[in-house]
Amino acid sequence: MSNILETSGLTVTFGGLNACDKVDLTVPKGKFVGLIGPNGAGKTTFIDAITGYVPTSAGSAIFNGEDIGELKPHERAQRGLVRTFQSLELFEDLSVKDNLLVAGYDTRWYSFLLDMIYMPRKDKEVEEQIEWALDIMGLNDVADAMPSDLSHGRRKLVGVARALAASPDLILLDEPAAGLDTAESQILGGHLREFLDHDMSVFLIDHDMGLVLSVCDYIYVLDFGKIIAQGTPQEIRESETVKKAYLGEEAGEIQAQAGERMTSLQHDQGGQDD
Amino acid sequence: MNQFLIALIAGVGTGSLYAMLGTGLVVAFRGSGVINLGHGAVAGYAAYVFNELRTSGELYLPWFDIIPEWGFLQTLRINNLPTRIHVFDFEMYIEKPPLVPTLLISIGVSVLLGLMMHLLVFRPLRNAPILGKVIGSVGVLLYLDSVIAVNFGGQNRSSSGFWIFKPDMEPVSNFLGLGGTIPRANFSMLAAAVVMGAFVFCLYRYTRFGIATRAADENEKGASLLGYSPQLIAGINWVLSSVLAGLAGIIFLHKTQPSLYATLVVGALGAALFGRLTSIPMTVLGGVIIGMMSGGGVSLANNDWWPNWLEIEGVRTFMPLLVIILVLYFQGDKLPIRGSISVGRQPNAPASNNVVVGTIFAMGFALILSNVFVSKWEAVLTTSILATLFMFSLTVIVGYLGQISLAQFSIAGFAAFMMIRFVGDGTLQRPDDYYVITGINMPTILGFVCAVVAGTLLGLLIGLPALRIRGVQLAVVTMSSVLAIEELLTKSRSLMGEGAASIQPTPSNPSWFGQYIGGFNKETFRTDYWKYSLFLVIITALVGVAVVNLRRGNTGRRFLAIRANERAAAAAGINVKNAKMLGFGISSAIASIAGIMLAYKIPAVQAENFAIFSGLGLLAFVYLGGITTGYGAVVGGLLVAGGMMPEFLGVHFGDVERGMINAVGAVGLILNAIVTGGEGVALLQSDALGKGPLALLRRNPDEDESSEADEDNATEGASV
């Protein structure tokens with residue numbers, strides 16, 4: 001059993017449109033796997049599908065040898081499949097450290113009784129994990145601050161730290177580098193590979209080719225919901241299909257820009273015509 | 001069968017009232033995104049104004065004289081705030097003031113109320129989180145109900161409405177060949193509801209104002225980009241909503257006592273939800289259907305085969321709740337939840353670190369007071385402590401978990417009655433008691449535990465809808481459950497014993513470990529027994545420490561995580577459903593304990609002790625004190641009507657009416673929601689003293705930066 005996550009034929013349909021179309025993808029244990037693709041390719045939908053936030057219409061997802069297709073989001077998280085969100089989604093009313101504590105500790109049915117007499121369970125492993133997560137994301141100095149007092153980039157790092165605090169088997173990072181300034185990107189990028197030393201596998205989504213090519217062991221490329229290419233960073237760099245997908249996008253963008261210029265020109269020239 | 005059909009048709013009268021009030025609710029919702037729980041009270045106020053003008057010619061303004069009669073104020077000639085205007089001079093009993101001017105003045109008062117609601121309450125709260133808006137509408141409800149009580153005495157009124165709605169017209173006999181008779185007024189009421197609905201429908205469909213309202217309702221940001229001011233639109237809709245409420249109140253004067261309108265809003269909520277808070281025709285239809293269901297249900301309940309533990313009045317009050325639950329269950333995810341342009345923060349809920357010191361201090365203070373005080377003051381002190389004890393239940397469910405349950409005080413009442421039933425031994429408790437208490441003769445402690453369990457189970461049942469719905473919808477369900485619990489359970493004679501429907505005597509000799517701990521002092525014949533105070537202080541301290549500790553531990557962190565973002569909470573491995581049930585369980589257990597402790601204090605309890613306005617008043621004061629902290633509950637307990645603060649003020653500045661206390665509480669509640677975002681008086685010490693009180697006022701602009709992300713969170717969180 002060497003694969004931590006294995007999807008086969010995973011399909012997500014939104015009103016007739018296949019946002020993910022028969023995606024076959026594997027994340028080997030202890031490896032760093034990336035998923036890239038242009039905007040709207042279905043990357044986030046794929047994460048939403050395997051974490052249970054959108055229903056799948058076909059296919060299966062096997063996590064640690066267990067079919068997780070029917071599980072609720074929190075059940076998947078409890079089994080060690082933990083994600084971050086592109087759009088922050090922090091607990092705004094809790095301090096940074098409390099954000100991590102929530103994710104770090106699981107509860108038993110009697111936990112609330114212990115809490116009432118202030119005898120909370122202290123788990124050395126969990127505490128260490130949280131310390132490590134704060135440390136690696138450079139959040140030690142703001143552990144007691146509220147998320148709303150931090151910059152957007154640091155809030156993003158809190159999101160990653162919160163996922164790390166849960167000691168996941170597989171961490172799914174949804175565009176963690178988007179919106180980070182240079183210093184913050186370096187903190188993140190410099191430590192991503194270290195995640196692997198803490199008994200976890202990593203699955204990274206991003207459209208920043210540079211980051212993905214530099215940290216991943218293996219890369220999948222998604223376009224219009226379909227896997228169009230896969231391979232090592234070297235292979236992806238040289239793949240014609242990938243170039244075409246990205247080039248195609250670029251070409252489209254150039255056209256769009258040209259079109260915009262034209263419309264604005266028309267607009268400037270004559271309001272009377274309309 | 002014919003009997004049943006007749007009953008169905010007879011229900012159309014009440015149904016028309018629901019339809020009219022529901023129409024006004026939808027108007028306010030479309031205009032501002034607020035479900036106004038105080039809508040019925042708005043109708044009630046206008047109805048009282050109309051009635052008072054017609055009987056005495058006096059116009060009562062919607063406030064009361066708050067200026068005390070202190071010497072120096074008198075010398076400055078600051079005597080009083082005008083509260084009434086003499087409008088009509090006429091010979092009483094012989095003639096009546098003219099109808100049309102009376103109606104116009106009443107509508108003018110409705111316009112004033114609508115403007116007040118918009119400008120003083122909901123406009124300042126436009127960016128508040130849902131809790132703040134719900135609290136604002138609870139404030140409106142409580143304020144108007146209190147002012148009605150002070151200004152009009154809340155007595156029954158002989159009707160003075162329009163003749164076409166009079167019930168004493170000759171009834172329609174043999175309607176559609178069914179045999180029975182139907183009040184003729186039902187038809188005019190239905191016609192009035194349909195006309196009103198058609199008017200609003202056309203207004204929204206064919207006028208520029210209506211289109212602007214619909215645009216703002218669907219996309220506030222988009223509408224403001226097109227040059228419509230959402231706040232102007234909201235203001236006009238508030239006035240319209242208030243006028244519709246006033247008209248409904250006046251039209252139904254013959255059928256309903258104006259004091260009942262405030263609670264009749266439940267049926268109107270059902271109607272508005274039936275119309276998905278959007279469609280006026282469906283709202284009118286929904287109101288009529290709910291009215292018919294109530295009529296039909298009561299008719300069925302009159303049959304022999306009907307189980308007599310299901311009280312008739314309970315069936316009547318259950319019908320709107322049933323419709324509300326069904327609509328929310330099947331349509332809940334399709335109901336519009338309006339995202340305002342920016343959403344403010346939830347009240348801060350800091351963990352407290354000096355629990356032991358704080359508790360010892362509070363206990364010591366309470367015990368010293370209890371020894372200093374004699375008689376009346378001891379009873380006042382225990383009133384405050386009881387309120388604090390109950391408020392801890394709201395700290396957990398509303399403060400920590402962010403679930404707005406308005407039914408917790410009914411759970412307290414249910415548990416109190418259950419305790420009496422469990423320990424009842426079929427004997428007369430006091431020589432002058434009217435009823436014996438029958439039951440299963442449990443020892444006091446066992447009865448206490450079983451009643452707490454029963455109350456907790458009821459709380460879990462009420463919490464069930466919270467698994468699917470949230471925010472204001474939950475507030476609507478829980479508010480509707482209050483009446484159903486009261487009529488179906490607490491007042492049920494077969495469930496609770498003979499006295500349940502009127503006055504239920506409490507056990508005269510409650511003893512824990514051989515000690516008499518009842519509040520009734522057998523020597524002074526007052527509720528001032530010192531052992532009760534001691535017992536109550538200990539119980540309250542234990543509960544308080546437990547509640548504060550919850551926040552310090554992982555359970556509280558999880559609750560706050562759910563309050564902030566259910567979607568992310570699930571990603572952090574939190575079982576949101578279980579945690580919500582846990583919150584409802586803990587809160588209901590605390591509420592049950594408070595209810596039982598109240599029953600230990602006084603010689604007899606009534607279902608009215610736990611009525612909706614008492615519960616809302618307690619919510620108001622704990623929100624004023626600070627809903628998220630233990631201190632807040634202590635402060636709230638001191639402020640509550642009949643508690644330390646008002647009684648103390650009463651001694652020094654002359655007695656104040658109970659209604660006034662609640663009205664002051666309602667104003668404080670709204671102010672608190674606006675100024676501190678609900679953090680309350682208790683947090684002022686920690687927050688404001690550090691940065692200066694102005695920091696609190698300045699906080700709002702900062703929030704606009706993060707508003708866009710917050711809005712996304714809010715809408716996404718709501719769609720999970």
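## Nonpolar cores

A nonpolar core here is a set of buried Ala, Val, Leu, Ile, Met, Phe, Trp, Tyr and Cys residues joined through side-chain atoms within 4.5 Å, where buried means under 20% relative accessible area with a 1.4 Å probe, protein chains only. This is a predicted model, where local features need pLDDT of at least 70, side-chain atom pairs count only at pLDDT 80 or more, and totals for chains, interfaces and linings use all residues. Residues are numbered from 1 along each chain as its sequence is written, chains are lettered from A in the order in which they are written, and side-chain values use heavy atoms, leaving out hydrogens and water.

The largest core holds 211 residues, and B:Tyr45, B:Leu406, B:Met597 and B:Tyr600 have the most contacts inside it. Helix α15 (residues 376–400) of chain B gives the largest share, 15 residues; helices are DSSP runs of H or I, at least four residues, and strands are E runs of at least two. Domain 1 (2–64 + 78–334) and domain 2 (355–715) of chain B both contribute, so the core lies between them; the bounds come from an automatic or database domain assignment.

A second, separate core of 48 residues includes A:Val96 and A:Leu180.

## The sheet in chain A

Chain A has 10 helices and 10 strands. Six strands make an open, mixed sheet, ordered β6-β7-β8-β3-β9-β10; two strands pair if DSSP finds at least two bridges between them. β6 (81–83) and β10 (226–231) of chain A sit at the edges with a single partner strand each, so one side of each has no neighbour in the sheet.

Strands β3 (residues 32–36) and β9 (residues 218–223) of chain A run parallel, joined by four bridges. One of the pairs is A:Ile36 with A:Val221.

Conventions. Buried < 20%, exposed > 50% of the residue type's maximum accessible area, 1.4 Å probe, protein only.
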